[in-house]
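Trainee: Please take me through the aromatic rings of this model. I would like a close look at how they pair and what sits around them.

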Amino acid sequence: MVAMTARIVAAILMLAVSAAPTIAQPAGSAAPRAPAIHPATGLKFPSIVGRDFRLVRSIDHGQSEAKPELGYSLTYLAAPPVDGVARVNIFNGGMAAIPSGADSTLVAEQFNQLLDEIRQLTPDADALKVVNGPAECSPGGISFRCVTLRAVIPTTQVPIYSTLAVTGYRNHFFSIWLEWNGTKADPVAADAHLNDLVDAMTR
C-alpha cells in the first residue's frame, strides 16, 4: 500500500509542476476541469480567494485519465506581495478510510512522501533547507502537518520559499504546496494567504 501511494504522490506532483502556472486553463481543454465543489468532502474551489488568489487550472483526474484515486488538482496564482503559486490536491489514493486531522500515521507517511518528491523535483535549487517545522499548523482553523523550506535559484540567486501542508479530511488527503518569491514576501504574509485559501475551501 505504501509503495502504491508513493507512486500516486509522484504522479500528482509531476502533474502539478508540469502545469504552466501562469497560463489560465483554456476553454475546451482536453483535461476536464474539476467541479467547483468536491462531492465527497464538500471542499469548494472559488475562482478568486482572499488576497488575490486566482484559480488558473483545475483537473479532475478521474475524468481526464480514468484515475479517480488521483482526485482533483488545482493551481492558484498569488498576486504580489506573495507573487507565488499554490498547488492543491484532494485525493484518496484508492483508500476507503483516511483518518481526519494531521496526527495519523497515514498522514505522516503521505507528508514525508510529498516532501521527498518536492526535493526530487527541485534539483536546480541550491541548499534546499527546512526553516520551520515539520510541525502542526492550523490555516483556516484546520489542523495540518506543515513544513517551510527555503532554496536559492542558482542562475538568479533569488530565494524561493515553499510551505507544504497535509492533512486528512473526510477520508481524503488534502495537501497544499505554496511557493513564493522570498524577495517580495516573508513567511508571515505567505501564512496569511494560506489561511485565506483553506478558509475559502472549507467554509
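**Aromatic pairs and their surroundings**

Mentor: Start with a polar contact: the side chains of serine 73 and histidine 61 are joined at 2.7 Å. A polar contact is a pair of N or O atoms within 3.5 Å; within protein, one must be able to donate a hydrogen and the other to accept it, and residues adjacent in sequence count only if both atoms are side-chain atoms. Serine 73 belongs to strand β3. At 9% relative accessibility, serine 73 is buried. Buried means under 20% relative accessible area, exposed over 50%, and partly exposed in between (1.4 Å probe, protein chains only). Helices (H or I, at least four residues) and strands (E, at least two) are DSSP runs, numbered from the N terminus.

This is a predicted model, where local features need pLDDT of at least 70, side-chain atom pairs count only at pLDDT 80 or more, and totals for chains, interfaces and linings use all residues. Residues are numbered from 1 along each chain as its sequence is written, and side-chain values use heavy atoms, with hydrogens and water left out.

Now the rings. Rings of Phe, Tyr and Trp (its six-membered ring) pair if their centres lie within 6.5 Å; planes under 30 degrees apart are stacked, over 60 edge-to-face, the rest tilted. By this rule there are six aromatic pairs. One of them joins phenylalanine 53 and tyrosine 76: the centres are 6.1 Å apart and the planes at 85 degrees, so the pair is edge-to-face. Phenylalanine 53 lies in strand β2 (residues 53-60) and tyrosine 76 in strand β3 (residues 72-78), so the pair ties together parts 23 residues apart in sequence. Phenylalanine 53 is buried, at 1% relative accessible area. Tyrosine 76 is buried too, at 0%.

Next come phenylalanine 144 and phenylalanine 174. Their ring centres are 5.4 Å apart and their planes at 65 degrees, so this pair is edge-to-face. Phenylalanine 144 is in strand β6 (residues 144-153) and phenylalanine 174 in strand β8 (residues 173-181); the pair links distant parts of the chain, 30 residues apart. Phenylalanine 144 is buried, with 0% relative accessibility. Phenylalanine 174 is buried, also with 0%. Phe144, Tyr169 and Phe174 form one aromatic cluster.

Charges meet rings as well. A charge sits over a ring if NZ of Lys or CZ of Arg is within 6 Å of the ring centre and within 35 degrees of the ring normal. Arginine 87 has its charged end over the ring of tryptophan 177, 4.9 Å from the centre. Arginine 145 lies over the face of phenylalanine 111, 5.1 Å from the ring centre.
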